[in-house]
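Here are my notes on the model you sent.

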Amino acid sequence: MKLRNVFAPAALVLSLIVVAGCTKDEKNDGVSNAKYNELVEKYNKQVKDYNTLVSQNHTSDDLLVETSKLVADLDDKALAVRKQTRKVRVNLGTYRDGASLKADMKELDRLIQDALTIVAKLERQTSKKNIDQVVSNSELVIKDEHRENYKNIALLAGQAVGTLSGIRDLFLSQYNDVVDTVNARLRDLPAGVEPTDIDPSREGDLIPEDVNPIVRNYDDGGRVTGIARNSVSGSPVSNAFVGFKKRRESTDYFYETTTNSQGQYESPYLLPGTYYVDIRRDGYINVQNQAVRVNRGQESRENLSLSEPLEDGVYRVTLSWTSQKANAVRDVDSYLQIPGVSEPLSFQNKQRAYHGAYLDRDDTDWIGPETITINDMKQGTYIYYVNNYDARNNKQALGNSDIRVKLYEGDRLLKSFTVPQGSGLSYEIFRIENGEVKLTGTFNDRLKMH
Ligand SMILES: [Ca+2]
């Protein structure tokens, strides 16, 4: 056994700081450190005094061994709690469904209960009553001059335990804050799988109607840039109208621009938040209410794949993704599982008719587009998913790649999708079951790949 100092409460305090998830490098998660630091300082002083006194006297080896064992257990448990707390906090904004968030919280609850059980044992063991008992049962010959010290040892232990209880209460109150935040998030999430239709119109992200979102520079906001391309030829689409607005169902554009001869457009610097963009060009299907997020000091890459109108009953899936940037996927691939066909449609069988569908090309070098057209929709289940082809060791890259998928039918846009932040190498976006579109939105590393 790794024996630690008998003055376990010192180690216990450190464990509890970690349990609370509020070390200095985590100050951004909204938990105040001040009260903790105050209690820890007080506690450390009490333990130091306790330590000094005991070192001048004999005490029970049993107490030392048992206490050390408990502290070792608590250290292990505290580390697990810390990891789980961070997991929940870091991912809080990106959980796609209530079920996975609840599962992670359940695990956190379990770990915390285990830790508190150990805390309770330690409290009992270091209580004044127990120390008194140990002292009175001691077979050591206690010299008179030490008797007073033993009383003081017990007294100090009792004080330290009192502080320990304060720390535990504080920890529990902060944990309750996490639970409150999680509950608020759960109200925004469906119980099962969340659709990935991009409508991040959470109130907090929207710019108030009376605020001008255009700002002067990067210090105050960010910018949206992108390239519009023809979904089949990949040629730039010039002179397309791009209108920025603050509300989803609105035609009140606060900024309008057009794509240049290379298909490029950009917004002015904008306050951080969520905006919506409409894109129109004669000869193409309108794209309405495309959600874009603006982050301070960043450029949001919103590349557009525009489709010409199709015949009724013809479906088209367009895929575009980011221009070159760090920690993103250069080559995203589109896959379509066709009912009754074992091999999915992908770059392996592009540019030829494949069971009533067709993939135009494999774009391998940023932006896209890749486009699948389904001319002959069959009965059964179609599954559309995207794959991270060239960054196989980076499970975050797919979610960092600003992937935009659109599903068209005839002359209208049915749905827009994105791939959210998260981990995974492939991501199932939607299914079409007997003509009905069902949003799925799940990371899945076991989908069939070439
Ligand atoms: Ca590709």
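1. Strand β2 (residues 241–245) pairs with β3 in the antiparallel sense, over 5 bridges. Strands here are DSSP runs of E with at least two residues, helices are runs of H or I with at least four, and both are numbered from the N terminus. Two strands count as paired if DSSP finds at least two bridges between them. Within this pair, Gly243 has Glu256 in β3 as its bridge partner.

2. A word on provenance. This is a predicted model: local features need pLDDT of at least 70, side-chain atom pairs count only at pLDDT 80 or more, and totals for chains, interfaces and linings use all residues. Residues are numbered from 1 along each chain as its sequence is written.

3. Phe254 is partly exposed, because 17 other C-beta atoms lie within 10 Å. The scale is: buried at 20 or more such atoms, exposed at 12 or fewer, partly exposed in between, with C-beta atoms placed from the backbone.

4. Phe254 has contacts beyond four places in sequence: Pro213, Phe244, Lys245 and Lys246. A contact means C-beta atoms, placed from the backbone, within 7 Å. Ile214 is 40 residues from Phe254 in sequence, yet their C-alpha atoms are 8.6 Å apart.

5. The largest nonpolar core has 56 residues, and Ile279, Leu336, Ile372, Tyr384, Val386 and Ile429 have the most contacts inside it. Such a core is a set of buried Ala, Val, Leu, Ile, Met, Phe, Trp, Tyr and Cys residues joined through C-beta atoms within 7 Å. Strand β13 (residues 381–388) gives the largest share of this core, 5 residues. Tyr384 touches Val317, Leu336, Ile429 and Phe430, leaving out residues up to four places away in sequence. A second, separate core has 11 residues, including Leu108, Ala115, Ile118 and Val182.

6. Whole chain: 6 helices and 17 strands. Of its 450 residues, 36% are buried. Among contacts with a separation of 6 or more, 69% join residues 24 or more positions apart.

Key: Contact = placed C-beta atoms within 7 Å.
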